[in-house]
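Dear colleague,

I am handing over the structure below, and I would ask you to look it over before reading on. My notes on what was found in it follow directly after it.

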Amino acid sequence: MKTSRFLLSTIKETPADAELISHQLMLRAGMIRKLGAGIYTWLPLGLRVLKKVEKVVREEMDRIGAQEILMPSIQPAELWHESGRWAQYGAELLRITDRHHHEFCYGPTHEEVVTDLARRELRSYKQLPLILYQIQTKFRDEIRPRFGVMRAREFLMKDAYSFHEDDASLKTTYDVMYETYARIFQRLGLNCRAVLADSGTIGGKITHEFHALAESGESLLAYSDESGYAANVETAEALMPLGERKPATKKITLVNTGSAHTIEEVCHLLKIDPKQTVKTLIVKGREKPFVALVLRGDHQLNEIKAAQLDAVASPLAFASEADVLKTVGCPVGSIGPIDLNMPVIIDRSASVLSDFVCGANQADHHYRDVNWERDVAIEMIADIRNIEAGDPSPDGKGHIRFARGIEVGQVFQLGTRYSTSMNATVLNEKGEMSTLFMGCYGIGVSRTVAAAIEQSHDEKGIIWPDAMAPFHIAIIPLIKDAQDEMSQKIKALAEQLYEQLTKVGYEVLLDDREERPGVKFADMDLIGIPHRLVLSPRLGLEQVEYKSRKSADVTTVSMKQLINFFKEINLLD
């Protein structure tokens, strides 16, 4: 491709509304243009990168025998009512009504549609296992779309679904898909880590997320400093502290704490460590109106863990200040676990405290030297807090450290979550109807592009991994005067080299614009072409200057040896 025929829409200034570096560089490099909130047009340069990601994904999916399909993006509401997700999915589901007053949605995911397909097409266990996948546009009505394509409303996704006769077959395919995802991201040149995760609205009990490690990532990941354990902080287990709870040493005392209501204020007033306090949070219950959650004062509630407790309503909802005042008889800042008329669930770390401080369920008062069993019964102990750096790793090896990541993929063992509600069955070996087991596997194709930029860039622009680069090689002829004989020869040589490299199989961008050298160099650095060749009168007609985008070093290469040079650096591997 020649720049004179290519829509190269680079801009110098950083757009004011672009926060993340990937958003800034995708706009500046002319990869995308905003159409509406969270909705983007992909320009030729950006689309070439997107297609590179698709290519690797397709190759690896086809490699394991998955079959590509294409399902409608508009889905009938009836299927979502069958699965129970029409109301459950919430406001992110864009609902549509047609002229006949039939309800539809713009699909954010395709579990319902593919389950309907399976129950219509699959008849026998002999057709299993089966993996179907598609690469298609999705839409989720994000309340606050931001960060460009990182959190867009419309995005490109690869979603795959597997069907099985039993759980053992599902687990086998899940392992295959896990390895396939690891291979996809490795081929794309991403530094990724797989972590245990929460399944959210998709469902299923076992799931892993694949995160591109980056300081700008929205997800906080917990990992062991001595083993391969890794999990999203939403699901990382905080272990029960070792050792027994120390016996009580003091009598319980009621103290007036006045306007001190927060843990920080109470600790300052009483001159105690937050680790010797507990805080009590009131949430809505599943069977009882309200449930109390008790944590150590310095710990934070993990809402994902709490919402999974049988006694707690899901999605998690906190009691209002009016509810607390009516039910407990005091403001929020004075709640404690003693004599509460509701179920009380105590976090593991809070359950081993002795002689601690808590709210007294009286306005402006707290209790000192409270002890479990003596002053308040222990009804239930559960892991309901966020894990913290330095905590023991859940696998018993080492301690927890944190890293940030960008979620680019996730794999789920759905089990019979959808096949049961939608009656998707096949005849088993005994001739009996058997409910299908299912797996679900997604990759954010458009998000992967942004994640690669977050991981690999510098002050000049993008640094693409070879597998994702829009072009392999940029050729820049430096011509001072188009009428000069030597300049004409350099121009002809650039055309010749362009044809030669293209025939060999390289994707080449020839910068034949009548621009100053500085402009050409800046644009090629900005758009991140991995390999740059410069031709100039200074070098003559027998040599070319080579530079890798990842290095500041410049090498002079003989024109005759150029093809061998690229083979030696394994450009297409």
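In the second largest pocket, the largest share of the lining, three residues, comes from α12; helices here are DSSP runs of H or I with at least four residues, strands are runs of E with at least two, and both are numbered from the N terminus. Please bear in mind that this is a predicted model, in which local features need pLDDT of at least 70 and side-chain atom pairs count only at pLDDT 80 or more, while totals for chains, interfaces and linings use all residues. Residues are numbered from 1 along each chain as its sequence is written, and side-chain values use heavy atoms, with hydrogens and water left out.

At least two lining residues each come from α12 (485–504) and α13 (517–527). By class, the lining of the second largest pocket has eight nonpolar residues, one polar and eleven charged, where Ala, Val, Leu, Ile, Met, Phe, Trp, Tyr, Cys and Pro count as nonpolar, Asp, Glu, Lys and Arg as charged, and the others, Gly among them, as polar.

For the geometry, a 1 Å grid over the protein atoms alone was used: a cavity is a set of points where a 1.4 Å probe fits but cannot get out, a pocket is an open set with protein on both sides within 12 Å along at least five of seven lines, and lining residues have an atom within 4 Å of a point. Grid points are joined across faces, edges and corners, and a volume is the space filled by probe spheres set on the points.

There is one cavity of 30 Å³ or more, and the largest cavity has a volume of about 50 Å³. Its lining is made up of Met524, Asp525, Ile529, Arg532, Lys547, Ser548 and Arg549, with α13 and β29 (543–548) each supplying at least two residues; two of the lining residues are nonpolar, one is polar and four are charged.

As for the protein overall, it has 14 helices and 30 strands, and 52% of its 573 residues count as buried, meaning under 20% relative accessible area, with exposed over 50% and partly exposed in between (1.4 Å probe, protein chains only).

The search for aromatic pairs finds twelve of them in the whole structure, a pair being rings of Phe, Tyr and Trp (its six-membered ring) with centres within 6.5 Å, stacked if the planes are under 30 degrees apart, edge-to-face if over 60 and tilted for the rest. Among them, Trp80 and Tyr89 are edge-to-face, at 5.5 Å centre to centre and 80 degrees between the planes. Tyr106 and Phe139, by contrast, are stacked, at 5.2 Å and 25 degrees; because Tyr106 lies in strand β6 (residues 103–106) and Phe139 in strand β7 (residues 130–139), this pair ties together parts that are 33 residues apart in sequence. Both Tyr106 and Phe139 are buried.

Finally, the count of disulfides, defined as pairs of cysteine sulfur atoms within 2.5 Å, comes to zero. The sulfur of Cys267 is 12 Å from the closest cysteine sulfur, that of Cys358, and therefore too far for a bond.

With best regards
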